[in-house]
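Have the viewer open as you read.

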Amino acid sequence: MRRAIIICFSLIVGGLSCARAAEPATREPYGIGLEGFSYPYPVHLLPLVNDGEQVRMAYMDVAPGQPNGRTVVLLHGRNFPSSYWAPVIKTLSDAGYRVVVPDQIGFGKSSKPQGDLHFDTLARNTIALLDHLNIAKADIVAHSLGGMLGVRIARAWPDRIAHLVLTAPIGLEDYRHYVPPTPTEKILENEDKLTADGYRKQLETNYALKLPPEQVTPFIDARFNIKGSAEYPRWLRAFVSSAQMIYREPVVHEIPLITQPTLFVMGADDHNAPGRANAPEALRAKMGQNAELAKALAARMAKGRAEVVANTGHLVFLEAPARYSELVLGFLAVAP
């Protein structure tokens, strides 16, 4: 059964699809480092120490056939393993870019720490990875939560980042203005009660997905096959810590201060707003106006630009791959 799942995912990232019947009736457990879940390129591990705890950061390092001398770092979102970047990796690699694709600590095939997650720590880890790979300067292409991290990296290490692409980023508003603080134990309880079908509906609704159901299945597997692991409680606490990180560590106030050329690529139908369900009903409709927020922020930046892609949701690079590739390659080709 596990082999069938892996083959199905390989077909998906290659642009094909599998029948929904390939979803497992009984889930074979993955490890909390996504052992058993296939990635499209070899995965390496970088040992790190975060807040006194020894951890390992997983990453893919994809060399182009004809190098152009530049490197792009891809930063994933909260609900997605970095394997979902497969089509973008191929596009960038075919264009001559070296592509480095980490799983941040707490996500994917990387360690799930005991301590809390913080954007500053994830940013330092990413720079440590670049140092390990002897990459002095890179472009960042980020998605969703990765956009918040990309902002923090670009602000803290401006000399290391040439271009910044924020793909359907979250964090374009300060969610603390709308959502009251939620205890970690309450979030743990809610996330643990969520079913696979409920999670699918959550993704489809919150992210306004335009993907066929079978293309969403690997994201369901990447989360729910972990439930069979003996270490699932540790994975769950790390996952919930990432939600608290988004809430407690806003970056929107830093975005206008970014000096690097920055491109927002927004799905016109993407109104994702973490924590909206916990906001007072009168405030919920005001949240998640992401395309308009991106345009307003870009106008306040030294070198900001926003592009809105029609009829797409949160996974704009999978929903409109040709337009996305055109925008990103064109943007990266222009000298800073």
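First, a term we'll need: helices (H or I, at least four residues) and strands (E, at least two) are DSSP runs, numbered from the N terminus. With that naming, S2 is the element that gives the most to the lining of the second largest pocket, at 4 residues. Keep in mind that this is a predicted model.

**The sheet**
- The 8 strands form an open sheet in the order S1-S2-S4-S3-S5-S6-S7-S8, and the pairing is mixed.
- Strand S1 (44-50) and strand S8 (304-309) sit at the edges with a single partner strand each, so one side of each has no neighbour in the sheet.
- Going from one strand to the next, the twist averages 20°.
- Strand S6 (residues 161-167) and strand S7 (residues 262-267) are paired in the parallel sense, over 4 bridges.
- If you want a landmark in that pairing, Leu 166 has Phe 264 in S7 as its bridge partner.

**Helices on the sheet**
- Helix H3 (residues 119-132) lies across S1, strand S2 (53-62), strand S3 (71-75) and strand S4 (98-102), and it runs at about 130° to S1.
- Helix H12 (residues 321-332) also packs on the sheet, where it touches S3, strand S5 (138-143), S6, S7 and S8.
- The direction of H12 makes about 160° with that of S6.

- The largest pocket holds about 820 Å³ of space.
- It has 30 lining residues, and the ones closest to its centre are Arg 78, Glu 191, Pro 274, Gly 275 and Asn 278.
- Helix H5 (184-193), helix H6 (196-206) and H8 each put at least two residues into that lining, with H8 giving the largest share, 5 residues.
- By class, the lining of the largest pocket splits into 16 nonpolar, 10 polar and 4 charged residues.
- The second largest pocket comes in at about 270 Å³.
- Its lining has 16 residues, and Gly 33, Glu 35, Lys 109, Ser 110 and Ser 111 lie nearest the centre.

**Cavities**
- Searching the whole structure turns up 2 cavities of 30 Å³ or more.
- The largest cavity has about 190 Å³ of space.
- Its lining counts 17 residues, with Arg 78, Asn 79, Gly 108, Ala 222 and Trp 235 nearest the centre.
- Helix H7 (213-224) and helix H8 (232-248) each supply at least two of the lining residues of the largest cavity, and H7 has the largest share, 3 residues.
- That lining consists of 11 nonpolar, 3 polar and 3 charged residues.
- The second largest cavity has about 30 Å³ of space, and its lining is Val 88, Thr 91, Leu 92, Tyr 324, Ser 325, Val 328 and Leu 329.
- Helix H2 (86-94) and H12 each provide at least two residues of this lining, and H12 gives the most, with 4 residues.
- Here the classes are 5 nonpolar, 2 polar and no charged.

**Salt bridges**
- The whole structure contains 18 salt bridges.
- In one of them, the side chains of Arg 155 and Glu 254 meet at 3.9 Å, N to O.
- That pair links distant parts of the chain, 99 residues apart: Arg 155 is in helix H4 (residues 145-156), while Glu 254 is in the loop between H8 and S7.

Key. Residues numbered from 1 in each chain as written. Predicted model: local features only at pLDDT ≥ 70, side-chain atom pairs only at ≥ 80, totals over all residues. Heavy atoms only, no water. Pairing = 2+ DSSP bridges. Axes fitted to C-alpha atoms, helices over the stretch in contact; angles between N-to-C directions. Contact = heavy atoms within 4.5 Å. 1 Å grid on protein atoms, 1.4 Å probe; cavity = no way out; pocket = protein on both sides within 12 Å on 5 of 7 lines; lining within 4 Å. Points joined across faces, edges and corners; volume = space filled by probe spheres on them. Nonpolar A, V, L, I, M, F, W, Y, C, P; charged D, E, K, R; others polar. Salt bridge = Lys/Arg side-chain N within 4 Å of Asp/Glu carboxyl O.
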